[in-house]
Amino acid sequence: MILTGFIKDTFAASRILKYSTDSPFIHIHQSFQIFNHIENPNGFIWNTMMRACVQRNYPEKAIFFYKLMVDNNVGGSDNYTHPILIQACAIRFSDFEGKQMHNHVLKLGFDSDVYVQNTLINMYAVCGSMGDARQLFDESPVLDSVSWNSILAGYVQIEDVENAKCIYELMPERNTIASNSMIMLLGRTGHVDEACQLFNEMPEKDMVSWSALISCYEQNEMSEDALVMFMQMTTNGIMVDEVVMVSVLSACAHLLAVNIGKMIHGLVVKIGIESYVNLQNAFIHLYSTCGDIKAAEKLFNAGCQLDQISWNSMISGYLKCGSVEIAKKLFDSMPSKDIVSWSAMISGYAQHDHFSETLALFQEMQLEGIRPDETTLVSVISACTHLAALDLGKWIHAYIKKNGLKVNVILGTTLIDMYMKCGSVENALEVFHGMEERGVSTWNALILGLAINGLVDKSLDTFFDMKKCGVVPNEITFMGVLGACRHMGLVDEGRHHFNSMIQEHQIEPNVKHYGCMVDLLGRAGMLKEAEEILESMPMAPDVATWGALLGACKKHGENEMGQRVGRKLIELQPDHDGLHVLLSNIYASKGHWDDVLQVRGTMIQHRVVKTPGCSMIEANGVVHEFLAGDKTHPLINEIEDKLDEMNKKLKMEGYVPDTNEVSLDIDQEEKETSLFRHSEKLAIAFGLIAVIPPTPIRIMKNLRICNDCHSAAKFISRAFDREIVVRDRHRFHHFKQGSCSCMDYW
């Protein structure tokens, strides 16, 4: 046509252009070239070109052509032109350009056209400008069903239930589309009963109606109702699509109903929609959630249209099944990673106690320039808590502040827990007071944290403040309150709170609450009453509760009861190393070495291995670990020299080693040498070398600190003028100028 000159014929040119834009086999750039050869395009040709741009997802080109049309003073625009352009603005979510088009509509007199009005209402609604959409709707001289559906869809999009209800009630004719939109809105906003009532009142229902109600049930965790509704849908012969199936599979995953999921899988294959990638992802999620990782793996490996969700679902599936290494290999082989990928892997590491790997992967994520989300930060902060990595925890807190991230209840509570468990009470209080919203878990973290850091009075005051603020305490709250009482031997106050929990708050005590009371009474030397509570418990005492009584027997030298309780405990749980050690120590304290050897023989017989004492200390952002008698640290020579210096200074201060802690039949000198190589003393020696004053030396111990190390730490804090913070498995000890925050009651 170009060679023959027929392109100059406007009618012929318009037909070839229309054919070009309608054909899915011709790229739109070919249509652009045809358009450029047309000398005098008319309104139909301009509209054809702009419509093609919108249909082929080039909305900015449609607006460009309109600007070109206006600049060339072409007067070919009509009531079909502006709806195309307004639709382009809606696709671009550009209400600024949309308002410009609206002004052109008013200027050219097309504002009375109902088709133009409807596209304007839809554009404003899509862009979230519901005020403009509603004004246009209210001022429109003619409204049809599209007008009503458009304004309703806008309110549904922004989840404005009241205005949506108002529009729906005013509709002259409530069609199926409008009713379906309302069911979706009511489902998303938790109005399940209203959604169900509306569904039942609909004179005609289509597949979308059923899908909307099934989705409503699934979104509101009413998974069984979702499956029942799906069964009714199929029984009534309603055709199903992939959207319905995804909701149903999500319900199956929540119920761990893998067999129903497999039946649905068969149905999906039968009707031929199994190739949809969102359905494949739903099946991978279902199988991995239900523990059938092989089925998920088979689907994943066979998938030819995998997307990011497929990879992320498979990684999450491996992590749920505990296959951390396989998940990491898959993570490393991903073509691309998004925030969900990183978050899943980091959270998986944290959930499976791979705390060092959690921090290493987070640092790698930072190097990649990926901005962490709340889930990632919570996992990383939790890892810092377990590793006592306070410096990194502070850096993450600073990162949150610097990037203006909102500290919500979960993130704030995790930060408070981290600071408290790293012994940094002031930072924890700063986070607490800076939170706009606090949940019961936030108050619990503060009460528990203050208690384990020896600030018992402040912990109990916080409990009273919590009640004043109208926050209802739960069973975890009372664990913190009773824990505070036992840390300072407040027997009467502990009894009061225990009774208050039952009578005032109607909370049934669990085994841990009884364990706190046994420990509280036992520590105070009231061993008979402690044993009476233990024996009168409405449930079987756990090992921790018996262990608390055994520990109290050792503390107060009640050897007869201790031996009886210890032997009973070993019968109940012969593989528990701590019980054997406690009983062995009771025998050793009285010099009953034959009994000590018998306990050790029992340990060998049952293959019980004593958990070695391990102390961790963070210096310059690196966490160092020490075992009792450790000689593997790179700075071991310097540490040995510092231990010698500590030994000399401590003896000058009046320190006498407590050799009763050594349950070995060896001479006094060997006992003293053994004591001085406990893991916490090695960590303190390293801290004196690596941690610059006045920064406190912070140590985390996996076991309870022994009497000798506790005594030595007090002397070291005075002799070297250093603050030492030791977190053992029960509480914190803040050593300063020769005294401890526990006041020697632990």
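Student: Is Phe-478 buried or exposed in this structure?

Tutor: Phe-478 is buried, having a relative accessible area of 0% (buried is under 20%, exposed over 50%, partly exposed in between, with a 1.4 Å probe and protein chains only). Phe-463 likewise counts as buried at 0% relative accessibility. The model is predicted, so local features need pLDDT of at least 70 and side-chain atom pairs count only at pLDDT 80 or more, whereas totals for chains, interfaces and linings use all residues. Residues are numbered from 1 along each chain as its sequence is written, and side-chain values use heavy atoms, with hydrogens and water left out.

Student: How many aromatic pairs does the structure hold?

Tutor: There are 17 aromatic pairs in the structure (ring centres of Phe, Tyr or the six-membered ring of Trp within 6.5 Å; planes under 30 degrees apart are stacked, over 60 edge-to-face, the rest tilted). Phe-64 and Phe-65 have ring centres 5.8 Å apart and planes at 65 degrees, so this pair is edge-to-face. Within that pair, Phe-64 is partly exposed at 45% relative accessibility, while Phe-65 is buried at 5%. Phe-463 and Phe-478 also form an edge-to-face pair, with 5.6 Å from centre to centre and 70 degrees between the planes. Phe-463 belongs to helix H28 (residues 456-468) and Phe-478 to helix H29 (residues 475-488), so the pair ties together parts that are 15 residues apart in sequence. Helices (H or I, at least four residues) and strands (E, at least two) are DSSP runs, numbered from the N terminus.

Student: Which residues do ring pairs link into a cluster?

Tutor: The cluster linked by ring pairs consists of Phe-32, Phe-35, Trp-46, Phe-64 and Phe-65.

Student: With which residues is Ser-679 in contact, leaving aside its neighbours within four places in sequence?

Tutor: Ser-679, located in helix H39 (residues 679-690), is buried at 1% relative accessibility. Beyond those sequence neighbours, Ser-679 is in contact (heavy atoms within 4.5 Å) with Gly-613, Cys-614, Ser-615, Phe-626, Leu-627, Ala-628 and Lys-701.

Student: Which residues have a positive phi although they are not glycine?

Tutor: Most residues other than glycine have a negative phi, and most peptide bonds are trans. Among the exceptions, Asn-57 has a positive phi of about 65 degrees and Met-743 one of about 55 degrees. Asn-57 lies in the loop between helix H3 (43-55) and helix H4 (59-71) and is exposed, with a relative accessible area of 55%. Met-743 occurs in the segment after strand E6 (739-740) and counts as exposed at 57% relative accessibility.

Student: Where is a cis peptide bond found?

Tutor: Pro-693 and Pro-694 are joined by a cis peptide bond, with omega about 5 degrees. Pro-694 is placed in the loop between H39 and strand E3 (697-701).
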